[in-house]
Amino acid sequence: MRAAGFACAGRRPTMALMSRHATTFRPTASPSTDLFGREGEVAAARDLFSSHRLVTLTGPGGVGKTSLAAAMETTLERAFTEGTWFVELGAQRNPDTIAETVAMNLGLSAAPTVDAEEQLRRHVAGRSMLLVLDNCEHVLPGCRRLVSALLGACCELRVLTTSREPLRLTGERVIVVRPLPVPPQERDVTVGELRGYPAVAMLEARAKAVNDQFEITEHETSAVANLVARLDGMPLAIELAAARLRSLPVKELLDRINDRFALLNRGDPTATPHHHSLDALVRWSYDLCSRDEQLLWARLAAFSGSPDFAAIQAVGGFPPLEGSRLLDALDGLVSKSILLPELTRGDMRYRLLETLRDFALERARGSKDFGHARRAHVEYYRAWATHTATGFFSPGQADSGQRLESDFSNLELAFNGLFQDPGRSRDVLELASSLRFYWITGHLREGRRWLERALAVDTAASVERGNALWIAAAVMAMHGELPRAQGFLREADEIARSTKDPRLAAHTATWRGQTALTAGDLEAAQEALEAACRGHTDLSDAEGQLISLFLLGMVKSARGDHQGASDACREVVSLSESLGETWVRSYALWVLAFDAWTRQSLDAASELAKQSLELKRGFRDDLGTALVINLMAGIALDNHDPKRAAELLGVVAALWTLLDTDLKAFGPVLASRYEAIERAVRDRLGDGLFQRIHESGRRLEPGRRISLGLGSTDTAPEDQAGAVAESELLTRREREVASLLAEGLSNRAIATRLVVSPRTVEVHVEHILRKLGFRSRTEAGVWAAQALGGEG
């Protein structure tokens, strides 16, 4: 109901008006489609109004705050007797005239004797209504004053604002709107998986709106995943990029996206001015920052990824941004949503979106101030990496491993920066060597690339080169290039002799022993490792002692010296516990488990393997995890559980693919025993059932791999277990299609039943056959009739 005498111009905006100032809104799209996975955020914000009278959506420009506010307004309209009112402030320039703008949008006629703020207070008094103020960041003082006055005048009023920074009023509830989730970059995903990510769903929907022939194919999955990641999952950037897909294929657009500010310049002509292009949007944000905030923003472009405060202080905290001025500027950038704070394992990090970083680089490149920041960045990460390597075997080991993962992009930036100074070639070698724990836990490909570059830039005989050589040998051996690894070790031995460096000699001996084990020469391996152990013990080098001893335990187990294997690994466990480290301890426990398994002490092997795998929870040690889970598959097989073994082997297959290596790289002793496990499991289950269960393990989410290894070995009755394992491989839609296959329907008939295209059904059928290991639609239909029953 509306009071007599008031016009209805301020009533909830029409769809046409909404499309003008909500960049991700389309009149033909339903709110749920337009939200792309954010329905939960809408519901959560809506529920907040039961206990909060002011809710503010914050986040960087283009993240979709307006779309969320529009969806909330639509959802809440019936909850207020006086309805909902949407006021766009993007074109507003004077914070002192906010009340006049709101009054005009609510249809209140100007009154000569009453100012607009008082007029609004009288109007809202006693009314149950929702007022939405969109784009408040540039007129915050006026919004803050008006909202405070209106909330004080009416307890039934609710206010929803969107802004790059909060209003900072008492009782305000702030919701940070983050970019849309994007697919992982470290592994390939199918078209079906890809569409499950909101950023991809939005890209596809918007691309189809301008090009009805657009369709994501299996050949484009990697390019699409990279594209939305390069766009930071930002709705506005995706919107602008999708417009380009009218004339450019995805791969071509991805190749050109580095010049994103020039490329993404065709926004909605009816949008507010700062939404016309990506460049205009970012400039709008920049102009709202203070001088100190702009300076820190420029310095932060020296980073990649999400630095912590210590790094920001070291790199950006030089004059004039020192002490409290740095803290104030940092707080200002967080408040304005330029920086997105992220809490990771208790460590606060600050993410600058790539789009905002690129903008800062454009402005800062070539300046003396930015040059200073870049040099400080290189030195900070070089020193940090060296310190981390030196203190890695300590109680903080898991945190160090996590930070190596989190800061890798910054370490790579620093590594590349060192190449700019010809006089720092030994620092290049040192930095590449300092990341050895990162390389050998699961990043062999990157390690090989870094070490090859470092060794090529400085060929003079030095201890730094010698260290890089033995580390490169370890990486090469694990990557399956044994001859190159042995060549690197021969050169490292020569440098150790010429420099008379005992530590280098001992580490070279350790990895000479490891490569001999890989080559199957157990006698030479034991001789080298025993010499290495003596050298490391004389130097009190914990790293060398721990690694040499567990490798020696493996060699002794392979030679049948079970007591010797136990003694070596127990010594590792004891030393490890005294240091508070867990990484090498997990490998020693794996060797003990392996040795127990070879002696068919299955209970002991199972317990030791679980202890080893449990310790790996604190790391991302894909290589070690693969070795332990493969052993667990052998234990499961010998415990008469081939189905569990097949699923575990699927996990192992996924890890080897991720690592870009395989069992052959670990020598005949390990490879022959582990490969025999798979042959035996396949023989017991048959190819079809083995393939289906193996695929279930292979497609398991990374976070569940270790949980599967540590889970119960109990199985369900055979038929039931098989049906569950198989059906869970399929998505809900794929199960529907499989059930209709059981009815004998053609693709076209299924398409008609499900109201989709025949091509979509064809893709689903292909996925079903591949996932379940069937060769024909008939086989899949027979299986579906038994396993799914009437589910479809």
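This is a predicted model: local features need pLDDT of at least 70, side-chain atom pairs count only at pLDDT 80 or more; totals for chains, interfaces and linings use all residues.
Residues are numbered from 1 along each chain as its sequence is written, and side-chain values use heavy atoms, with hydrogens and water left out.

View 1. Helices (H or I, at least four residues) and strands (E, at least two) are DSSP runs, numbered from the N terminus. Glutamine 119 has a relative accessible area of 16% and is therefore buried (buried means under 20% relative accessible area, exposed over 50%, partly exposed in between; 1.4 Å probe, protein chains only). Apart from neighbours within four places in sequence, glutamine 119 is in contact with Leu108, Ser109, Ala111 and Val114 (contact means heavy atoms within 4.5 Å).

**View 2. Alanine 153 in helix H7.** Alanine 153 is partly exposed, because its relative accessible area is 28%. Leaving aside neighbours within four places in sequence, alanine 153 touches Arg121, Val124 and Ala125. Glutamate 118 is 35 residues from alanine 153 in sequence, and the C-alpha to C-alpha separation of the two is 9.7 Å.

**View 3. The open sheet of five strands.** The strand order is E2-E3-E4-E1-E5, with parallel pairing (two strands pair if DSSP finds at least two bridges between them). Strand E2 (84-88) and strand E5 (172-176) are the edge strands, each pairing on one side only. From one strand to the next the twist averages 15°. Strand E3 (residues 129-134) and strand E4 (residues 157-163) run parallel and are joined by five bridges; leucine 131 has valine 159 in E4 as its bridge partner. Helix H4 (residues 65-76) packs on the sheet, touching strand E1 (54-58), E2, E3 and E4, and its direction makes about 160° with that of E2. Helix H7 (residues 140-153) also packs on the sheet, touching E1, E3 and E4, with its direction at about 165° to that of E4. Axes are lines fitted to C-alpha atoms, for helices over the stretch in contact, and angles run from 0 to 180 degrees between N-to-C directions.

**View 4. Strand E1 and its two partners.** Five of the five residues of E1 are buried. Leu54, Thr56 and Thr58 point one way from the strand, and Val55 and Leu57 point the other way. In a regular strand the side chains alternate between the two faces of the sheet. E1 pairs in the parallel sense with E4 over five bridges, and with E5 in the parallel sense over five bridges. Threonine 58 stands opposite serine 163 in E4, and its bridge partner in E5 is valine 176.

**View 5. Helices H28 and H29.** The axes of helix H28 (residues 522-539) and helix H29 (residues 542-558) come within 9 Å and cross at roughly 155°. H28 is therefore roughly antiparallel to H29 (angles under 35 degrees count as roughly parallel, over 145 as roughly antiparallel, 65 to 115 as roughly perpendicular and the rest as oblique). Residues making the contact include Leu529 and Cys533 of H28 and Leu552 and Val555 of H29.
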